[in-house]
Amino acid sequence: MTKRQLKLGLVPTGVGGPGDSNRWLDTDIPLDASVNIDWYIDVVRQAEAAKFDLVFIVDSQFITANSPPHYLNRLEPLTLLSALAVATKHIGLVGTLTTSYNDPFNLARRFASLDLISKGRAGWNVVTSGDAGTAGNFSQPDHFDYDTRYRRAVEFLDVARGLWSSWEEGALVRDRATGQFLDADKLHRLDHDGEFFQVVGPLNLQRSPQGEPVIFQAGDSDQGRDLGATIADAIFTHAATIEQGQAFYADLKGRAARQGRNPDEIVILPGFSVTVGDSDAHAKDIERHYRQLDQSFDQALAEFGRPFGWHDFRQYDPDAFFPVGALEHAKNSFYTQAKKVTDLAVQQGLTLRQAVEKARAGRGSPFVGSAETVANEIQRWFEGRALDGLNVHLGHPSQFKRFVEEVVPILQARGLFRTDYEADTLRGNLGLSIPASRHQQAPARRDAA
């Protein structure tokens, strides 16, 4: 059996994502980092030199003036990843695209294109769009309700995977001697007729060296976890403590096993910031400094409404009891996250100010200390089955540099992390098998369009 090894992803959020309203003030970050392709190429090449598995590009399609700086002005994921594909050779290229406001054929073709351009390094983070305001950008009167979003996502992915299976191995003959370009018996229509989509197919693009893009998913509700256990090759998540990480890990892998899947074929990758100092005390000072610098209370209060459908909490007295009724605004947004915040406020009798401060404190990381301390804690989480790897939030460039130069070599010396890439594809480096075309073992039939 192949030895289990730690996986590493990079999450670059340029001038500042959630909780980092003032990161752009760091003079190590270009003022236009979130739309600067040279900046992206530089940081992703740093990750590739450190043998990271992937870069993960987060995305959404609705903003308000209170959105984080990176969200206000950022490149579209597949366009960005296509540029990174030709600037790198090994690192996986993962992008977030929604099933709520896309068409399966178009998205399947775009991801298949990225997969071919990168020679098998594409990954798709499947989301259902939590920002309810997105509907207004796509000519829709209302956002899909929770259950509809997840049913649509399951059917959407089934269609996409069906399209990626249009071509059997050897369908493209390309024989100049005989003049045969295509073996039509190995090209298959889809003829899907479902609740949300009617797609004929076949896809006008061949399979990549890894078969099809790696599927990532992030969702903490019961529907989200079931979706991940059903469809995903890898899971993005969050955990504040090792116990939370272990509980999520066991639950998700258990759900996958109950569906007849091999739990080892799902990679759990929670996201974390990492702070490295000359000593543990120095690292804590650095983390405290950045936490105070990167977002004021007023900025945090303005951003606090996002999971509640961008409800404006600035209308309330911050020192009065938390406004429980605000949860109504989260019904078609990030409801699970909003309910956790509300339930905690009720249980602990929190004021709005206290709830905001607790949310800010919850963004802290367990990986803070000297390089040795951080490596020890990563090893503890990995060996304790709280994660299979971690997505490192880039944050301040000086901290990412310390992580790759000081922490990664310790993990490598302990045999926990690779010293070189094992494969040419993202699937290969994550230790995942290549999915067979749905028609590979089927009797040949002449049904191409």
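Colleague: How many nonpolar, polar and charged residues does the lining of the second largest cavity have?

Modeller: Five nonpolar, three polar and no charged residues. Here Ala, Val, Leu, Ile, Met, Phe, Trp, Tyr, Cys and Pro count as nonpolar, Asp, Glu, Lys and Arg as charged, and the others, including Gly, as polar. This is a predicted model, where local features need pLDDT of at least 70 and side-chain atom pairs pLDDT 80 or more, while totals for chains, interfaces and linings use all residues. Residues are numbered from 1 along each chain as its sequence is written, and side-chain values use heavy atoms, without hydrogens and water.

Colleague: Which residues line the second largest cavity?

Modeller: Rolling a probe the size of a water molecule over the atoms shows where empty space is left. A cavity is a set of points, on a 1 Å grid over the protein atoms alone, where a 1.4 Å probe fits but cannot get out; lining residues have an atom within 4 Å of a point. In this case they are Thr237, His238, Ala239, Gly245, Phe248, Ile268, Pro270 and Ala386.

Colleague: What is in the lining of the largest cavity?

Modeller: Among its residues are Ala112, Asp115, Leu116, Trp164, Arg207 and Glu212. Helix H4 (residues 104-117) gives the most, with three residues. By class, the lining divides into six nonpolar, three polar and three charged residues.

Note on methods: On a 1 Å grid over the protein atoms alone, a cavity is a set of points where a 1.4 Å probe fits but cannot get out, and a pocket is an open set with protein on both sides within 12 Å along at least five of seven lines; lining residues have an atom within 4 Å of a point. Helices (H or I, at least four residues) and strands (E, at least two) are DSSP runs, numbered from the N terminus.
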